Amino acid sequence: MVNFVNLIRNEWMKLMQRKSTWIMSIILIIAVFSIFGVLKWDYSHREESVGPNTTEQRLQQQINTYEAQKSEADPSSLDYKYAVEQIELAQYRLDEGLAPAEVGSFWHVMNTSANFFSLIVLFVIIVASGILAHEFQKGTIKLLAIRPATRTKLLYSKYVTVLLFSVAIALLLLVSSLVASLIYFPYDSYTHLTWNGESVSEWPAIFWILQSYLYAMVNVVVMGTIAFVIGALFRSSGLAIGITMFFSFATLPVMMMLRKYEWAKYILFSHVEFSMHLSQPFVDVTPLFSLMVILMYLVIFHALMYTSFKKRDIAV
Amino acid sequence: MAKSVVQLKGLRKDIKSKTIIHDLDLDLYEGEVFGFLGPNGAGKTTTIRMMVGLMKPTAGNVIIGGTSLLENYEKTISQVGAIVENPELYDYMSGYKNLIHFSRMHKGITKERIQEVIDQVGLTSRIGEKVKTYSLGMRQRLGLAQALLHKPKFLILDEPTNGLDPAGIREFRTYLRKIAQEEGVSILVSSHLLSEIELMCDRVGIIQKGKLIDIRTVKEETEKTKWTFTVKQPIQAKDVLEQAFEGVEIEANEQSISLSISQDEVPEYNKVLVEQGVLVYGIANTKSTLEDEFLKVTGGEQVG
């Protein structure tokens with residue numbers, strides 16, 4: 001009976017009325033400005049590196065390095081493919097006169113801003129853990145649940161709000177990084193290149209940034225969902241934050257430990273660091289395969305949470 | 001009697017193979033204030049939770065305004081307004097934002113309606129302040145406001161006068177009676193203050209160990225109860241009254257007389273006695289109060 005959009009408006013209002021939401025946003029902005037400031041200081045004090053100092057020389061050196069790697073690698077290996085890609089891209093830049101993003105240039109710094117996603121993951125875990133659990137801990141769930149809105153709608157209005165918050169805080173990161181980079185670093189035009197195995201394509205620089213952000217968002221959504229599900233199952237925000245943070249920290253070690261096994265590619269741990277698909281390929285899986293595995297796990301988590309939340313009595 | 005708004009049909013709740021509520025049957029009527037009494041742990045709150053869908057009954061059904069809560073949840077619950085235990089509101093938001101929040105969850109609640117309810121519960125001057133600055137009594141008023149927003153047919157109030165001062169309680173009582181009578185709302189009030197239930201309610205149900213053991217109508221002021229007049233001359237008083245009022249049975253004791261009359265008649269009797277020169281030292285109502293009856297029924301257990 002009740003408009004689902006109204007429920008989301010309510011959740012958003014409650015989130016915005018909480019002090020913690022604003023504190024997190026301010027911390028993010030301060031972090032961006034101060035770390036970019038440190039980067040600027042660092043780049044301006046760096047010793048002039050020994051070696052080639054024109055762009056062409058550097059690209060040529062890069063080609064030589066990867067040629068050497070290519071000749072040593074087995075042609076079916078990932079290293080070989082990676083070397084070929086790097087050679088093609090560097091050659092294209094030389095031919096077309098397209099400069100790479102120099103360290104300390106505007107777009108280079110913008111791309112490093114994706115590293116702040118570790119902070120965003122933390123904030124989204126905090127919000128997702130509390131959004132339902134707080135209603136139980138404070139007892140407000142009673143007045144919320146006795147309305148003409150089914151429990152399914154209540155639950156999913158909160159989940160959608162967590163997703164909206166993730167997008168909003170990622171946009172905040174994008175905007176504050178843009179502003180900080182414009183203030184601190186010289187603007188340089190840059191064209192991003194990709195290699196699909198046969199040819200090189202050119203992309204506007206902003207696509208490069210958005211791609212890094214989108215890939216990083218996968219991790220945010222997975223961690224946010226885990227926190228939300230645990231918060232809904234145990235109705236305690238502290239527990240949800242704790243367990244999800246543990247998951248988050250355990251990801252890399254577990255992934256390293258298990259990567260030698262064939263079945264490791266079917267477990268969630270191998271895929272939550274989705275951004276790895278952007279750097280040197282880590283495991284022998286495609287981004288699409290990663291997304292399918294992640295989706296499968298998310299569906300299982302949702303099914304667990306949904307059945308539990310619908311069935312259990314509210315006795316707080 | 002008016003038509004019934006709420007019907008509990010064979011409502012039962014088992015928790016871990018223990019029966020908490022035993023096949024409860026109850027009808028609540030339009031315009032009626034029903035009191036729900038019982039010692040701690042008797043199952044009052046569990047019953048209320050089942051009536052608002054927070055808990056699923058093991059067996060039985062809750063019918064409100066003709067529709068079943070279990071089969072047609074959204075339609076049925078839209079006719080209910082409730083405070084379950086403490087009015088726990090979002091204390092980091094203002095009272096007004098809290099009401100906006102709940103109004104969005106019902107259909108067709110206008111800003112004017114919200115303002116009307118705020119005025120009715122007497123929160124007009126503080127509604128813009130954060131709920132964390134409110135006293136318990138103010139939270140109780142805000143709790144009542146959120147329960148009334150959508151003009152429910154059935155109002156459930158769990159311990160509603162908790163935290164209200166005496167003036168507030170009196171005001172609240174008048175207000176409840178008013179909405180019950182004028183808007184035909186059926187109201188269920190649970191309270192541990194028996195004297196209050198007595199003043200507020202038309203009928204009282206006593207629940208013990210998950211069973212509804214007694215339902216009784218609260219005595220009206222026109223009903224005859226036993227009154228004791230402490231007088232100097234009991235024999236003379238008896239004669240005077242027997243002459244003045246026909247068919248009254250009067251029992252004369254050493255220091256007093258006892259008779260069964262309604263509260264309305266007391267002043268007249270007193271007037272006659274005084275006019276005839278009988279010295280009246282005191283008049284007391286010796287009807288057994290609901291509390292006595294309640295304690296009798298529940299065997300004197302501690303009342304929550």
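Here is the tour, stop by stop. First, the ground rules: this is a predicted model, where local features need pLDDT of at least 70, side-chain atom pairs count only at pLDDT 80 or more, and totals for chains, interfaces and linings use all residues. Residues are numbered from 1 along each chain as its sequence is written, chains are lettered from A and ligands numbered from 1 in the order in which they are written, and side-chain values use heavy atoms, with hydrogens and water left out.

**Stop 1: where the chains meet.** Show chains A and B together: 32 residues from chain A and 33 residues from chain B make the contact (heavy atoms within 4.5 Å). Now zoom in on B:E88 and A:K142, which form a salt bridge with their closest N and O atoms 2.9 Å apart. The term means a side-chain nitrogen of Lys or Arg within 4 Å of a carboxyl oxygen of Asp or Glu. Four salt bridges are found across this interface.

Stop 2: Next, select A:F117. Which residues does A:F117 touch? Leaving out residues up to four places away in sequence, they are A:A170, A:L173, A:Y213, A:A216, A:M217 and A:V220.

Stop 3: Click B:I206 to find its bridge partner, B:D214. In the turn, B:K209 has a positive phi of about 45°.

Conventions. Pairing = 2+ DSSP bridges. Helix = DSSP H or I, 4+ residues; strand = E, 2+ residues; numbered from the N terminus.
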